[in-house]
Amino acid sequence: MTVELGGELPPEVVIVTGMSGAGRSTAARALEDLDWFVVDNLPPGLLPTMIELAGRTHGAVPRVAVVVDVRSLAFTEDLLSTVEELRKRDIVARVLYLEAGDDALVRRFEGVRRPHPLQGEGRLTNGIDRERETLRAIRGEADLVIDTSQLNVHQLKARVIGFFGESDEARPRANVVSFGFKHGLPVDADLVLDCRFLPNPHWVPELRPMNGRDEPVSDYVLSQDGAKEMLEAYSEVLRLTIAGYQREGKHYMTLAVGCTGGRHRSVAMAEQFAERLRGQGVDVHVVHRDVGRE
């Protein structure tokens, strides 16, 4: 497979894939709003041809987003080999993978009263299981994984715009997520940090109604033994990790910071890590996943 562009610069490419029902169409619309040229359900084998055509437009199509799903024949092998070949030719091709938990996917399919594309004569959950297994390899190669289980369409659109909107392309981007372990780990996390060793503000009556963005809670958390030491030590780990990601061509990272309920300690620490990452020249988006949950 070759990609000849006749001397023209190739476009930037984002491949949007992931679980059916996880929000591929919403992500595609967000990219369209950012003036990306979006092609839906393109077989992986045609991607080099699409890039060649875009490269001949004299810069009129500088960015192409391709939505690829499990309906394409020989999906996993074709897509993986295509991505590998493009990257060998120094074409910027990134994979955005949209994930969601089984409960969320079942709820969405039942809401629109449509069968899963791999369901066949079986149950809806059988189709979800088959798709998850089929996509396992490409998920492992994704540059950015977004878990949409608890995101509405507006929040997902904002997340996509935050990662792919106008910015200095050379700068790495990080999504910092606070969460509660009792609500489950964020499945899109690249790195997970546990703050449960710190005393819990939940047991301080005047702090319980607040969250980690409130100054009294933040001051309380940061004053505890080990808090500032963790911030300093792990900030250095993040610096080394981000530098390594950039050397490997990975521009996106999700850091998940957890405590028991995701309301106090993780929120305060996530805000601190976000501040330090910005100081390292990283574009940062902060999400407090579980604030407001019981």
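How many bridges join strand β4 to β5?

Modeller: Happy to! This is a predicted model, where local features need pLDDT of at least 70 and side-chain atom pairs count only at pLDDT 80 or more, while totals for chains, interfaces and linings use all residues. Residues are numbered from 1 along each chain as its sequence is written, and side-chain values use heavy atoms, leaving out hydrogens and water.

Now to your strands: β4 (residues 93–99) and β5 run parallel and are joined by 4 bridges. For reference, strands are DSSP runs of E with at least two residues, helices are runs of H or I with at least four, and both are numbered from the N terminus; two strands pair if DSSP finds at least two bridges between them.

β5 itself spans residues 144–147 and is covered on both faces. L144 and I146 are buried on one side, and V145 and D147 are buried on the other. Buried here means under 20% relative accessible area, exposed means over 50%, and partly exposed lies in between (1.4 Å probe, protein chains only).

R24 is found in helix α1 (residues 24–33) and is buried, with a relative accessible area of 13%.

One of its polar atoms lies 2.8 Å from the backbone oxygen of G18, and the side chain makes a polar contact with the side chain of D69 at 3.5 Å. A polar contact is a pair of N or O atoms within 3.5 Å; within protein, one must be able to donate a hydrogen and the other to accept it, and residues adjacent in sequence count only if both atoms are side-chain atoms.

For another covered element, look at helix α2 (residues 47–55), where 7 of its 9 residues are buried. Among them are L47, P48, M50 and I51.
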